[in-house]
Amino acid sequence: MVVKNNALIVGCGNMGAALAAGYARAHPDARVLAVDADPARARALLPAASPVAVCASPAELAGFRPDLVVLALKPQLLGEALAAYRPLCAGALVVSIAAGSALSRLRELLGGHRRLARAMPNLAVAAGAGMTTLYGPGLDAADAALCEALFAAVGDAAWVDDEAQIDAATAVAGSGPAYFFALVEQLAAAGAAAGLPPALAERLARRTCIGAAALLAADTRAAGALKAAVCSPRGTTEAGLAALEGGGLAPAVAAAVAAAHRRAHELAAA
Ligand SMILES: NC(=O)C1=CN([C@@H]2O[C@H](COP(=O)(O)OP(=O)(O)OC[C@H]3O[C@@H](n4cnc5c(N)ncnc54)[C@H](O)[C@@H]3O)[C@@H](O)[C@H]2O)C=CC1
Ligand SMILES: O=C(O)[C@@H]1CCC=N1
C-alpha cells in the first residue's frame, strides 16, 4: 500500500516515537509530525535520521491537516488533553493505543468523532517486531487499511470484533514483553547463583531468550512441541521444567494476566 497522507502522533514517548519512526520509514511519501509536551525527550527517543518533526503543542500545528492521528498519551491524561486536539482530529482517522480507555469515552472526549479505532500494540514495535490487536467497529475499508498500514509497518496485527478482547490482549501482548524481560532477569540471577560470573549469566539469559524467540519466528510448531524438542528423556531440561512448572509457572502467569486485565478495567475509569 502506498501511503501519501499526513500523520500526527500525539504523545511521542516510548510508544509514540516507535510508531512515528516506523511509519515514516515504511511510508516515505507520508508526512509524519509528532507533538509532545517534552519535545527534547521525544527527539531523543526518535532515531537520529528520522524525518519525523516534533512540536511542543497543538498550537504549533496551525495549517496541518492530518489524515491519521495516533493518540499515544497515558490514559490518565486523555481527559484533560484531548479537547486541544479536537480540531486536528476532525478530518482524520483517530487511533488510540491508550490502555483501558474505551472507544465510547474517546468518542465523547473528541466531541462525537466517528472515525475511531483502538489498538493495543507492544513495545516490540520499537524493533519492528510488535504485535498489535485492533478494534474498529464501523470503519470503512480505507480506514481499516490505514490502521493496518500503521501497525504492519512495525510488526504483526490482528483484528477483534469485541472491544473486551482489547483489554485481554493488553494483559497478554501489551504487557507481555515485560513478563519475558522479568524471566530473563530471573534466569540471569539464577545463573549467577549457580556459579557463573554475573555478566556472563546475563549474556546467556539474554541470548537464550533471543534464540528462543528466533526459533518461535522460524518454526511453526506449537510452543509445547518446541519445548519437547529441547528435552532429552530423563535429561537436564526435563528436570528443570518439572521444577519450573511444578513450582507454579502456570498460576503465576495466569495471575499476571488476570492482574493486568483487572488494571485495564480500572484504567477505563481513569
Ligand atoms: N509502554 C508500552 O509498552 C505500551 C504502552 N501503551 C500505551 O501507550 C501510551 C503511551 O505509553 P508510553 O509511550 O509508554 O508513555 P510515555 O510516557 O513514554 O509517552 C507519553 C508521552 O506523552 C507526552 N505528553 C504528556 N502530555 C501531553 C500532551 N498534553 N500533549 C502531547 N504530549 C503529551 C509525554 O511527554 C510523553 O512523552 C499509554 O496510553 C499506554 O497505555 C500501549 C502498549 C504498550
Ligand atoms: O503498562 C501499561 O499500562 C501499558 C499498557 C500495555 C503496556 N504498557
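The model contains an open sheet of 8 strands in the order β3-β2-β1-β4-β5-β6-β7-β8, with mixed pairing. Because β3 (53-55) and β8 (155-159) stand at the edges, each with a single partner strand, one side of each is left without a neighbour in the sheet. Direction ignored, neighbouring strands of this sheet are turned by 25 degrees against each other on average; the axes behind such angles are lines fitted to C-alpha atoms, for helices over the stretch in contact, and angles run from 0 to 180 degrees between N-to-C directions. Two strands count as paired if DSSP finds at least two bridges between them. Strands of a sheet pair through backbone hydrogen bonds, either parallel or antiparallel.

This is a predicted model, in which local features need pLDDT of at least 70 and side-chain atom pairs count only at pLDDT 80 or more, while totals for chains, interfaces and linings use all residues. Residues are numbered from 1 along each chain as its sequence is written, chains are lettered from A and ligands numbered from 1 in the order in which they are written, and side-chain values use heavy atoms, with hydrogens and water left out.

**Overall architecture**

The protein has 12 helices and 8 strands; helices (H or I, at least four residues) and strands (E, at least two) are DSSP runs, numbered from the N terminus. Along the principal axes, its C-alpha atoms fill a box of roughly 70 × 40 × 35 Å. Of its 270 residues, 41% count as buried, where buried means under 20% relative accessible area, exposed over 50%, and partly exposed in between (1.4 Å probe, protein chains only).

**Strand β4 and its partners**

Strand β4 (residues 68-71) directs L68 and V70 one way and V69 and L71 the other way, and all are buried. On one pairing, 4 bridges join strand β1 (residues 6-10) to β4, and these strands run parallel. Within this pairing, A7 stands opposite L68 and V10 stands opposite L71. Strand β5 (residues 93-96) is also parallel to β4 and is joined to β4 by 4 bridges; here V70 stands opposite V95.

**Selected residues outside the sheet**

| Residue | Relative accessibility | Class |
|---|---|---|
| R234 | 78% | exposed |
| P28 | 66% | exposed |
| A268 | 32% | partly exposed |

R234 lies in the loop between α10 (223-230) and α11 (236-246). Phi of R234 is near 55 degrees, a positive value in a residue other than glycine. Most residues other than glycine have a negative phi. P28 is placed in the loop between α1 (14-26) and β2 (31-35). Its C-alpha atom is separated by 28 Å from that of H113, 85 residues apart along the chain. A268 belongs to helix α12 (residues 249-268). The C-alpha atoms of A268 and S96 are separated by 13 Å, and the two residues are 172 residues apart along the chain.

**Ligand 2**

The residues around ligand 2 are A99, G174 and S175, a residue being counted if one of its heavy atoms lies within 4 Å of the molecule. Taken alone, ligand 2 exposes 250 Å², of which the protein buries 47%; accessible areas come from the Shrake-Rupley method with a 1.4 Å probe, and for residues only the protein chains shown count as cover. Ligand 2 sits in the second largest pocket. On a 1 Å grid over the protein atoms alone, a pocket is an open set of points where a 1.4 Å probe fits, with protein on both sides within 12 Å along at least five of seven lines. A molecule sits in a pocket if more than half of its atoms lie within 2 Å of its grid points.

Conventions. 1 Å grid on protein atoms, 1.4 Å probe; cavity = no way out; pocket = protein on both sides within 12 Å on 5 of 7 lines; lining within 4 Å.
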